Amino acid sequence: MVNNISPKYDNYRKWIREAREHDIQWKDIEYANRGDEEGLNKFLEIQSEINWCDQINSIEWKEIVNQEKKAEEQTKEVEVMEGSSMILDENQDNAVKVPTDKKSAWVLYKDHLLDQGFKEKVTEEIERSSIKILKRLSSNTVNSGPIKGLVIGNVQSGKTSNMAALMAMAADWGWNVFIVLSGTIENLRQQTQTRLLNDLNFSGNLSWRGIEHPAKKTFLNQRTQHLHFEENSTERYFTVCLKNAGRLRKLIEWLQDDANKQKQMKILVIDDEADQAGINTADITNNERKTINNLIVNLVSGKNKEGKEIKSNYQAMNYIGYTATPYANILNEHGEESLYPKNFISALGVSKEYFGPQQIFGVDGGEYDGMNIIRTIDEQNLERIKDIHDGTVADIPDSLKDAISWFLCGAASMRLWNYKKPISMLVHSSQKQDHHQYIADSIQMWLKPNNIQDICKRCEEVWNYETNEFTFENFREKYGDYDRADEEINRYPNFSEIEPEIRVLLNKITNIPLDSEYELEYHNGIHMCIDNCSKNGVNDEGMYVRLAYPDSKSMPSPAPAFIVIGGATLSRGLTIEGLISTYFLRSVGQADTLMQMGRWFGYRKGYELLPRLWITSKTKEQFEFLSKLDQDLREEIKSMEARGIRPEKYGPKVNNTPKCSLIRITAKNKMQSSRPSDMDYTGASMQTYLFYDDKERLTNNINIVTSFINNLGKPEIRENRNKYAENNLLWRNIEFSEIYKMLEKYEFPERLTAFNDVKSMCEWICKVTEEEKLTNWNVILSGNKNDKYGCWELKHGKVNIASRSQKDKSPGLVNIGVLSDPKDIISDIILDDKDQEFIKRVNNCNTKEVRILRSEDMSGLNMTPQLIIYRVYGRSKASEKSKSRYDLNLDEDIVGLCINIPGGRRGTNYVEKVSIPIKNDIFDDEGDLEGTNED
């Protein structure tokens, strides 16, 4: 056995790692890229002579190779476990490494992130993601054509930090022109331009210059012929350009103004919010193309603004779309004359400090249950909002009063905690500009000075209710892996401590005042902001109306408070800082549009317990659906990466799992290449977490499953030492036809979307099994550790009945949230004393990660599907500590099913076309309460 840490092997390990960086395959590295054993021995002799390496033999060499290979695979596995993944084109990789020079753009930017309070662990994840993407780019695309990729981030998750990190690293490696395509709103473009300059322009090896509005007839010192793009230049140029036809034409003219300079340009185009504005919504069957999309395609393909070929080429053209909602980018179109990410698709990992859709809304059958921070706006309150929208300045509904009261309490608490940044409330009831003013006037009428005593009384009632409904213990229960220590999380103060500050806040309520020099100034009260395109500046009273936070260098104290009312300008791109209270009434017909409106997603360091969200029951249902949709897409990417499926083959299969319907994922004219009948159950994991609250149906399911188990015969005698199997029964090599019969009879609730079309799923399984892409099944009957809840007596054995509680109460249904236990997934693996390392890994894994471990070749089960069966005691009790879980209170036990279909061997593609019924009940075309119009 080679001692892997011995310095004796340092030079050999270095050679292996450099070979991997140059894309040498492991089978070639085994013989040092010399072809055979004889060549390897000569290589080892030479190394000892010319590189002062200690002499080793071929056996030692091969063991070092195996250790390095295993280390690389484990690193990749860690990346998958932490949520990042990538599917890429074959043989696509370059030899760039992470810059380490203290004066390099990357190291300076990394230091900047650390100075801003980023954890070392977070900057390391940004570094890993950035080098991973940079390795997929090319610094010379003259012959290959442009590189096109897609990076999937998360709403409000610090995507700009990842973009800046990639720019810094690419700049160190010689890319010299950076173009950020930034939405359609000018103030957001300016915000991005300023931030990038502040983030990147430090005194170091390189000098950054921002080009404000590139054009052929721009300032002399910004025209391309006066700039330095040569190989040894330390100048780096960037511009943030609106997705506006005029701006894009001028940008193309600027780039192509000097043919000789153009040949020196190594360009990285970053399309921020890539699903917005640049998607081709014209009829692709007639080769039509919308203007903005056509101009971006011309930019990337090196054509002029009219789309005509030109003689000069850029030295390098790389296009990367960044978005949190990639459905349109992947479903719209593909081909050379498109922006489809043919070279790679990458999903960024997320810090365990991020509050995303999964953490807030939960995922049925998943890792998170959701947090009890969502309050429902009822029909009576909606009617009152409609009256205000109609032009009546009236008393606001109780739900809005509660949301404002909570904001006042939260802002007062944050000031008590000495919070140093802005604190905000968001009111987003409509897209119409007139409605924003009516809502603002009605809010100000309620907050009038002679009402302070009543408001304080309401604040106390709301504070007492909310702090009891969602406690610190609830937070830890629902977000158990939140990456902050208990002592770092502020606890709720007593109301008596915050009431004086609430009165300070209520003492002055205005728009943002201007001083004598027309500079914005801020006071201790509440700043009312109406942010829409009709509010472009100062009102008649000499106050600034739109949202404008103070500069970080001149932040007032105490922390300034803002109530922000608006429409589309607040729904994408703009960060609402310190958001603790949201009143949100919009009902939107597309998943991507709705997800982007989630300004409440993000990081909440220092005020983790304070965010609250008031929405309608329909919007809550939509976000719960989107939470699952988002998670499924990311898991789909991981599955495709593991199986080595290339991006151009990936396109038709995006969102084509049994868990997501294509209907209303994005606008119909944005997903023109999609086919609702394309289904792929590869890597699917489905479980029954919803059950009918109906004794007859529950009894019928018990009888169906009992009969199925009894017909399986005697279970396997367990001689191995797999501790995860000791309470379970196991049957191997079960033909799917037997499972099919049982599934056809079992009664699944209609809302259990994963099982909406069992017949199509079963037909797909039968087909891929016939093609020998799947083997027969393993069936596991899960048992509890003790018989506290009784035993399930069967023909050939028995197991102890399990216990579960319900997540929420719905008429006629029981939702238990999660049925399966992660350890059951690997209970069909044969383990012995030699597998302690595997067992150690399992103990630190969640359900998703355990499924990945089971699919490893070492288990021998990477083609073996799995059915896990649970019987749950109908009178199970919820934990006394939990405020978000309830007793089952059923008259009969539950029998639940969990199906796990493996991802298959690398390079295997299981996709088949299956016709399924498409339902329209998740989204409709409702738009606003009264319809929609642009703001």
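Visitor: Which elements of the protein chain have the lowest and the highest mean pLDDT?

Guide: Strand E31 (residues 912–913) has the lowest, 36, and helix H15 (residues 398–416) the highest, 97; pLDDT is the predictor's confidence in each residue, from 0 to 100. Helices (H or I, at least four residues) and strands (E, at least two) are DSSP runs, numbered from the N terminus. This is a predicted model, in which local features need pLDDT of at least 70 and side-chain atom pairs count only at pLDDT 80 or more, while totals for chains, interfaces and linings use all residues. Residues are numbered from 1 along each chain as its sequence is written, and side-chain values use heavy atoms, without hydrogens and water.

Visitor: Why is the pair of tyrosine 12 and tryptophan 61 called edge-to-face?

Guide: Rings of Phe, Tyr and Trp (its six-membered ring) pair if their centres lie within 6.5 Å; planes under 30 degrees apart count as stacked, over 60 as edge-to-face and the rest as tilted. Here the centres are 6.2 Å apart and the planes 75° apart, so the pair is edge-to-face.

Visitor: What makes tyrosine 12 and tryptophan 61 buried?

Guide: Buried means under 20% relative accessible area, exposed over 50%, partly exposed in between (1.4 Å probe, protein chains only). Tyrosine 12 has 1% and tryptophan 61 has 0%, so both are buried.

Visitor: How do you know that the charged end of arginine 491 sits over the ring of phenylalanine 472?

Guide: The rule asks for NZ of Lys or CZ of Arg within 6 Å of the ring centre and within 35 degrees of the ring normal. Arginine 491 is listed as sitting over this ring, 3.6 Å from its centre.
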